[in-house]
Amino acid sequence: MHALELRNISKKFDGIIAVESFSLTLSTGAAVCLFGPSGSGKTTLLRLIAGLERPDTGEVLIAGHSVAGNNTWIEPGDRGLNMVFQDLALWPHMRAIKHLDFVLCGRDMSKAERNEKATRHLKQVDLESNLQKYPHEMSGGEQQRLAIARALATDPKLLLLDEPFAHLDRRRSDHIANHIRARMKQDGLSVIMASHDERDAERLGATLIPMFAP
Amino acid sequence: MALITLALVVGCGPETPEVVVYTALDEMYSKPILDAFEAKTGIHVRALYDTEASKTTGLVARLMAERSRPRADVFWNNEIAQTILLKNADALESYQSPSAASIPESYKDRDHFWTGFAARARVIIYNTDLTDHPPLTLAAFTDPKWKGKLAIAKPLFGTTATHAAALFSTWGDERARAFLEAVRANDVAILAGNATVRDRVAAGEFAAGLTDTDDANGAIEDGKPVLWHFLDQAADEAGTLVIPNTVSLVRGAPNADAGRLLLDYLLSPEVELRLAQGRSIQIPLNPDVAKVDKTPKLDDIRTMRVDWDAVAEALPRASAFAKETFVR
Amino acid sequence: MNESRHLSRYLAILTLSAVGLVLILPVVAVYQRAILTSTGADFDAIFQFGRQAPLLARSIAVAGGAAVLALILGVWVGIAVTRAHRIVKIAIGFAAGMSLLTPPYVFAIAWIDLWGPVGWLYHWAPEETALLGVAVYSLPGAAIALAAAYYPIIAIAAYIALRRVDQRWKEAASIAGQYHSYVREIALPAIISPIAAGFIVVFLLALYDFPVHSLLQVNTYLIEIHAASEYHNYSAAVLLSIPLVIISGVFLIAARTLIRNRGIYTDAGIMNDEPNSFRLGLVGSGCLVVTLASIFPMVVVASRAMPPATFLRLFETAGQELGSSLILAFIAATLITGLGTISSLAFTNARSRAAVDVVSAIPFLISGPLLGLGMIAVYNRPGPAGMVYDSAAILLLAWAARFGFVAQWGIGAGVRGQAPSGREAARVAGVSWLRMQFAVVIAQARPYIAMVWGATFVLTFREIDTAVLVAPPGLTLASVRLFTLMHYGPDGYVMAMALTMSAVMITVGASTYCLFAQWKRITDARP
């Protein structure tokens, strides 16, 4: 079974084509990297998969189930995926640990369990000394790691990464990439990322999919 | 939720008898009187007080707007012209109070839609630092001798508007218009209200001005360098305009019986005495009220004879002319 | 989940539409009656162009002059405050705030006491200079007095705007050798919009301040409306108000486009490279402006309120009114802020939000007295409406109608300024719609919610025009009491009451400002 399948996806904004007849399959536990210049539709494609945009035509299937197109629509939160946004989308008024606690809340866990899990995930990205900090009190790299930790905390089966290593130095990038690869191996996490840097794909062992401005 | 709670708290009180009064006379004077009525009769008084005329659209507008479902029982106005406008708009109910028997006929409506009591009078207030020989008459306001030294309130609002309308109704339109134009030509300052006339004469910005007894006495009690006297008191002069408080029963009053009791009480000598003793030195109209030192007796004043209905009828005309003359 | 999200949204929109209808109905009632009862002949009698055009021009001149002067003074003081020591900052804020919150009519009385022909300030001056005092009673004089009353609004806007400018922007520009284009392209646009919004607010306040125009002997267009109301020609009053409604509507919409949550709030010192002497001169001159325009008038008010025993007497005799006003303003501010918050969540698309913004301002634009008459026409009838009319709930409704737009616009601006990705991140993570709204959207809009609450508290606490028409019998508000006292009450008592009310308002205003600043520092901070 494929973790993700896109069938002839098209999307226009105000008549301008952003994605045209795009198809792709991604096996469970594998990674692909949408690679191309700005405006080639990488981010739009991630948003279509996440359910933040609706495709004009075509179909999105996750784990074999149709989530968009063909008269079906599954809300983003019910697709079993999570995403790291290009601007990180951190919540400026929440402390680091609260970011994770907030997304875990409502998942049938006690407060202690949530706290334990949030702390563990933050430790895995070397943020154990930043639990009580607000985003603005953290460096760019720390913020990026917080965004990744938040995305992984909900145990997604599919992780969408939009320029995930943009703010990280080489050592940190490798470290985080290793962490994600471990999750891919252990939990069968599948990854689709957008990047304009080939090295990002190498780090995750992702198949490069070149994208061109339509 | 808050709305519902408040509605319950204020809307549905206990079933004690009550009376609703809208009063334009300041709370400072009217509240003790209403409290005394409540203590005496056990009828709970719910009052609404007005803000000073000309600053906002107040209780008269509200009474007009509420005609389809009146909420007030009694309207206690601190003057008369607007009361007559309400009568003409069918907002009032006739009631001949036994307490009003001694009040002179000229201060009562012939159909008993309103009754006057506790009056103010038009006076000249002057600054004692600036003049020992103040103007004595209305005519002085057109006298070149006083050019630029006198002040009146805008004759569009309040008792000054009533005064102008009284001139229109007693002198005839032509003479009244000529007079107002002469006032304007004599550089008389046109100020925001009677209280402003008082304040600026007291401050020494003007030698003298036209105001009401209550305003004038306020300045004296505050220790300002002013004195006042009634207008046009010589034997051959017309006398000053005396403007009573008026009380009326509201047409369709929800508690009409309690309203009549309140009317009877307000028109009693006890209330007139109390108002005469206050800072606003309201002049009792009932001859039975005992003399208060600081407050003049009606008998001692030469009063201008007016037909109040004619005054009310002239009011829009006078005001329109005043607007064109003074507000440009 | 999909359904529940839409259901909650639709429910919110439905509820708000019902509330909106309830608040807009009085406006419809007023205009419907005015137009139905007017005939062609009335229009000629009502609109006398020859008379009214100069009056209207004078209204605009007074308001425009006041706004321009307030702009100069306000920006000056705003800049000075950013450089002042903390203690000086607080002192200036307190003095300017007190004078802003004093009823403009009382402020104007104090102003005349100071600068009028027999003003305090001429006691020590040569006699000829006192002649200048006459100028207080003139169009420029009125504009100056109104500017002195309202400049703190622009000072606050300028202060907040200046703190938005990030030191790093400037550094980046300076390194690139582009200082001038930095000022032109970055700093000025970030600063200008809130200041321009403040300018418009001052213009509108000055335009409608009839008691002050009247006191300072400037005949303005408002007298036409007041005279018509005085003789109960309400249809004329409504029709005459249309030109002012149009003017203020245009200005308000202009202000709306300027109120944007742009730029960021920062503690970084602004241009901290200037010489000390320049800094001292700036702060000193700012203090001088505040002293002349705010502190002196407040000293006059305070001295007229003396001796202190006046305050004791005030609390004995007007304590109940102050209490009622406090409680009602508290409930009203909470209600209005709550409605504004729900609305900001319900109407998320730009077009519907703009429409709601415009509609919400209409009850304010038609002016307080006319809104009051409309409320009577709609609510004073048998049945549930009458029960509302007979209770204090009518005041809350009237205030919600009159000031609802403050919440609608203010909180809307706070929500609009948030990055949409914050909400999307919560959606993708499977956070429920309602939780996301509370924990992400509302929580980030907190500074604006606090500011709006404070502003609506102050506005309702001092509201008088509508209150006098709809307050239930037996309930007297402090604001109404203050104005009834002005006619008969002893001067000291009036001044003490005005000061006490200002003190209440500045306490609430300063507290909400502190919350605003503290929260904004977190929500707007960047690493």
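Chains A and B share no contact, and their closest C-alpha atoms sit 29 Å apart; a contact here means two C-beta atoms, placed from the backbone, within 7 Å. Of the 2 pairs of chains that do touch, B and C have the most contacts between them. Keep in mind that this is a predicted model, where local features need pLDDT of at least 70 and side-chain atom pairs count only at pLDDT 80 or more, while totals for chains, interfaces and linings use all residues. Residues are numbered from 1 along each chain as its sequence is written, and chains are lettered from A in the order in which they are written.

**Where B meets C**
- Chain B puts 51 residues into this contact and chain C puts in 53.
- On the chain B side, H1(B) gives the most, with 6 residues.
- Elements supplying at least two residues each to that side include helix H1 (2-11), strand S2 (44-49) and helix H11 (308-326) of chain B; helices (H or I, at least four residues) and strands (E, at least two) are DSSP runs, numbered from the N terminus.
- By class, the side of chain B that touches chain C has 23 nonpolar, 11 polar and 17 charged residues. Nonpolar covers Ala, Val, Leu, Ile, Met, Phe, Trp, Tyr, Cys and Pro, charged covers Asp, Glu, Lys and Arg, and the others, Gly among them, count as polar.

**Domains of chain B**
- Chain B splits into domain 1 (17-119 + 244-299) and domain 2 (120-241 + 313-326), with bounds from an automatic or database domain assignment.
- Their centres, taken over C-alpha atoms, are 26 Å apart.
- Domain 1 of chain B brings 11 residues to the contact and domain 2 of chain B brings 15.

**Nonpolar cores**
- The largest nonpolar core has 287 residues, and Ala66(C) and Ile154(C) touch the most other members. Such a core is a set of buried Ala, Val, Leu, Ile, Met, Phe, Trp, Tyr and Cys residues joined through C-beta atoms within 7 Å.
- Helix H6 (residues 139-164) of chain C gives the most to this core, namely 20 residues.
- Beyond its neighbours within four places in sequence, Ala66(C) has contacts that include Ala143(C), Tyr150(C) and Val202(C).
- A second, separate core of 74 residues has Leu81(A) and Trp433(C) among its members.

**Strands in chain A**
- On strand S7 (residues 81-84) of chain A, Leu81(A) and Met83(A) point one way, Asn82(A) and Val84(A) the other, and all are buried (20 or more other C-beta atoms within 10 Å of a residue's own, all placed from the backbone).
- S7(A) pairs in the parallel sense with strand S8 (residues 158-162) of chain A over 4 bridges; pairing takes at least two DSSP bridges.
- Val84(A) faces Leu161(A) in S8(A).

How values were computed: Buried ≥ 20, exposed ≤ 12 C-beta atoms within 10 Å, placed from the backbone.
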